[in-house]
Amino acid sequence: LPWSTRLIVKANYLGGEYWEYGTVSLYLSDIVLVLSILTTFFAQRGKRLKKQINWLYPGWLAVLYLIIIIGLISNGISYYLGLFYFSRIVVWSLGWWFLLRFNNWPLKKWISCLLLGLIIPAFLGISQFANQTASANKWLGLAAHNSGELGTSVVESLGNNGQISGRWLRAYGSFDQPNIFGGVMAMAIVLVIAGWSLFKSNFIRSLLLGSLAIWCLAVLFSWSRAAWLAIIFGLLLIFIFIWKNKAKRKRMLILTAFLSIWTFFWLWPFNELLHSRVGGQTRLEQKSLNERRDSYNEASFLIKDRPLFGVGLGNYTGASSLKDETEKPAWQYQPVHNAIILIIAEIGYLGAAWLIFGWVWFLWQARRKFFVWPLTISCFCLMMFDHWWWSLHSGIIFLWFFSAALFAIGRHETKLL
């Protein structure tokens, strides 16, 4: 799916360079969402909607919107940018809830569509790593990436003498960053494995097994450590839940053993890259770790400055630039690599507390659905190590889909099967 296809409505610049987090864009997925909402509304003829609406989720969102608006008015550095980010959250948070509530699709159908949409991006990412180049395509929202260019996400390999022996392009798939690509693939793997027993057909299981094999390679070639950890923690939780069930435990051991052998078979030729990512000894890895550490200090400063309502939605990098006497190039201002801390910095402790309260409430209501827990722990792991869930468009799509789906499952507003 063209997750990143967009029309740039207004490009902005910071420090004389293009500022991604200050750019206003209209995405193709936004248009698809609005058309889907309109189609559902007219299919329902509008008359049945009033009787079917459960106001708990919209009410929770309304309070969140109010907190965000107050934060923008009182602390917002760029109101038009905050308005863009706010409208995007409103559209996707309410949009997913509306579609899940009124389309009368079983959740299994929604998940199947989501998983099918990740197969082509997985093949694309694998081919990017194999060819060590990513071609641009404006209609699919794909940017060109080459391992020799500055700013491209790469992994440095170490030779026997401890010196840098090469730069390897990390797989982007159809996403903006390798970490997004790897994170989404990791969630797909955990979701399918956790829900494996729900699929009774041998044909469907064969298709899923093939998809799992492709997604494992995609996660591997993204070289995303957060994605690897998300899979590990998700699988550990699955085994904890099913360990007393001998039949399920046997099936799960066989499945995970097959996928592990398959992944290590492809990993072996690139063990130098694995050592580089895990050991963190190369120049780029050290630079990345230092930047993450500095970003936490920067976030701490911004939170202390405006703790209650934050610096304003979408204003994190703009607020970071204002604290410098001399404005740096835009690429030096990046959101903190922790979505939870980024949320606190932008909408304050009040907004973050209300948001997390809702998520915990929905999770508690859906607690009897086994597959919810491994997926939640995987998502939490990803959010703790990156910012894209809150800062980038593809993250907003997945964040609010899971929020609305969790609420629907807990309220029994949609069937799993």
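Tutor: Before we start, contact means heavy atoms within 4.5 Å. This is a predicted model, where local features need pLDDT of at least 70 and side-chain atom pairs count only at pLDDT 80 or more, while totals for chains, interfaces and linings use all residues. Residues are numbered from 1 along each chain as its sequence is written, and side-chain values use heavy atoms, with hydrogens and water left out.

Student: Okay! Leaving aside neighbours within four places in sequence, which residues is Trp215 in contact with?

Tutor: We skip anything within four places of Trp215 in sequence. What's left is Leu115, Leu118, Ile119, Ala122, Met185, Ala188, Ile189 and Val192.

Student: How many disulfides does the structure hold?

Tutor: We need a pair of cysteine sulfur atoms within 2.5 Å. Cys113 is in none, as the nearest cysteine sulfur, on Cys379, is 19 Å away. Cys216 is in none either, with the sulfur of Cys381 nearest to it at 16 Å. The total number of disulfides is 0.

Student: Which strand does His145 lie in?

Tutor: Helices (H or I, at least four residues) and strands (E, at least two) are DSSP runs, numbered from the N terminus. His145 is buried, at 15% relative accessibility. Beyond four places in sequence, His145 touches Thr133, Ala134, Thr152, Leu169 and Tyr172. The strand holding His145, residues 145-146, is E6.

Student: Is H3 roughly parallel or antiparallel to H4?

Tutor: Helix H3 covers residues 56-75 and helix H4 covers 79-102; their axes are 11 Å apart, at an angle of about 175°. Axes are lines fitted to C-alpha atoms over the stretch in contact, and angles run from 0 to 180 degrees between N-to-C directions. Under 35 degrees counts as roughly parallel, over 145 as roughly antiparallel, 65 to 115 as roughly perpendicular and the rest as oblique. That makes H3 and H4 roughly antiparallel.

Student: Which residues in H3 meet H4?

Tutor: On the H4 side, we find Tyr79, Gly82, Leu83, Phe86, Ile89, Val90, Ser93, Leu94 and Trp97. Facing them from H3 are Tyr57, Pro58, Leu61, Tyr65, Ile68, Ile69, Leu72 and Ile73.

Student: What distance separates the C-alpha atoms of Ile341 and Trp223?

Tutor: Ile341 belongs to helix H14, residues 339-365. Beyond four places in sequence, Ile341 is in contact with Tyr296, Ala299, Ile303 and Val336. Trp223 is 118 residues from Ile341 along the chain, and their C-alpha separation is 24 Å.

Key
Buried means under 20% relative accessible area, exposed over 50%, partly exposed in between (1.4 Å probe, protein chains only).
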